[in-house]
Amino acid sequence: MAQISALAISEAVRVDSRRVAEIVAELGETSAQHVIGLALEQLAAALTAVDGALDNADLAQAAAHAERMSRLAWQIGLLSLAGVAMDLGSTAERGDVPALAAIRARLLRVGNRSLTAIWDRTALA
């Protein structure tokens with residue numbers, strides 16, 4: 001009888017703490033939390049939009065949403081999310097559907113963990 005093992009998929013997300021600190025120093029704690037909160041809402045919407053575009057097999061829209069997500073994630077210091085979004089965008093542009101499925105799953109994992117990680121850091125700042 002074969003033994004089946006469940007593999008836990010867990011990745012550390014990279015947050016540029018220096019970038020977050022710069023935002024807080026530039027805007028003040030209250031304004032920084034507001035700005036980062038708005039950015040997180042936009043990132044969550046972009047994540048949903050990428051997923052929806054892929055559900056509809058609209059690779060051009062998926063690439064456009066991923067590009068927007070990458071830029072926004074980079075601006076607030078979510079390095080892992082920015083990188084995965086860039087990977088998804090370039091893969092969608094190439095039309096590599098098998099690779100796109102794997103990157104989509106990774107984007108959802110990293111996206112959710114990144115949004116939580118940055119919120120926790122700004123709440124503690």
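Predicted model: local features only at pLDDT ≥ 70, side-chain atom pairs only at ≥ 80, totals over all residues.
1. The side chains of Arg-19 and Glu-22 form a salt bridge, with N and O 3.2 Å apart.

2. How exposed are these two partners? Arg-19 is partly exposed at 27% relative accessibility, and Glu-22 is partly exposed too, with a relative accessible area of 41%. In general, side chains of opposite charge can pair when their charged atoms come close. The model has four salt bridges by the rule used here.

3. Next, have a look at Arg-104, which pairs with Asp-51 in a salt bridge whose closest N and O atoms are 2.7 Å apart. This pair links distant parts of the chain, since Arg-104 belongs to helix α5 and Asp-51 to helix α2, 53 residues apart. Arg-104 is partly exposed at 22% relative accessibility, and Asp-51 is partly exposed at 23%.

4. Arg-104 also meets the side chain of Asp-55 in a salt bridge, at 2.4 Å from N to O. Asp-55 lies in helix α2 and Arg-104 in helix α5, so this pair ties together parts that are 49 residues apart in sequence. Asp-55 is exposed, with a relative accessible area of 55%. Through shared partners, the salt bridges join Asp-51, Asp-55 and Arg-104 into one network.

5. Helix α2 deserves a point of its own.

6. Now to the inside of the model. In soluble globular proteins, nonpolar side chains tend to be buried together. Here the largest nonpolar core has 36 residues, and those with the most contacts inside it are Leu-40, Leu-43, Met-69, Leu-78, Leu-81, Leu-88 and Leu-107. At least two residues of this core come from each of α1 (17-27), α2 (29-55), α3 (59-75), α4 (79-94) and α5 (97-124). Helix α2 gives the most, with 10 residues.

7. Is Met-69 buried or exposed? Met-69 is buried, because its relative accessible area is 1%, and the cut-off for buried is under 20%. Leaving out residues up to four places away in sequence, Met-69 touches Leu-43, Ala-46, Leu-47, Val-50, Leu-81, Ala-85 and Leu-107. Met-69 and Ala-6, on the other hand, are 63 residues apart in sequence and 31 Å apart in space, C-alpha to C-alpha.

8. My last stop is Ser-114, in helix α5. Ser-114 is buried, with a relative accessible area of 0%. Which residues does Ser-114 contact, leaving aside its neighbours within four places in sequence? They are Val-13, Leu-78 and Leu-81. Leu-78 and Leu-81 are also among the residues with the most contacts inside the largest nonpolar core, and Leu-81 is one of the residues that Met-69 touches.

Terms used
Residues numbered from 1 in each chain as written. Heavy atoms only, no water. Core = buried A, V, L, I, M, F, W, Y, C linked by side-chain atoms within 4.5 Å. Buried < 20%, exposed > 50% of the residue type's maximum accessible area, 1.4 Å probe, protein only. Helix = DSSP H or I, 4+ residues; strand = E, 2+ residues; numbered from the N terminus. Contact = heavy atoms within 4.5 Å.
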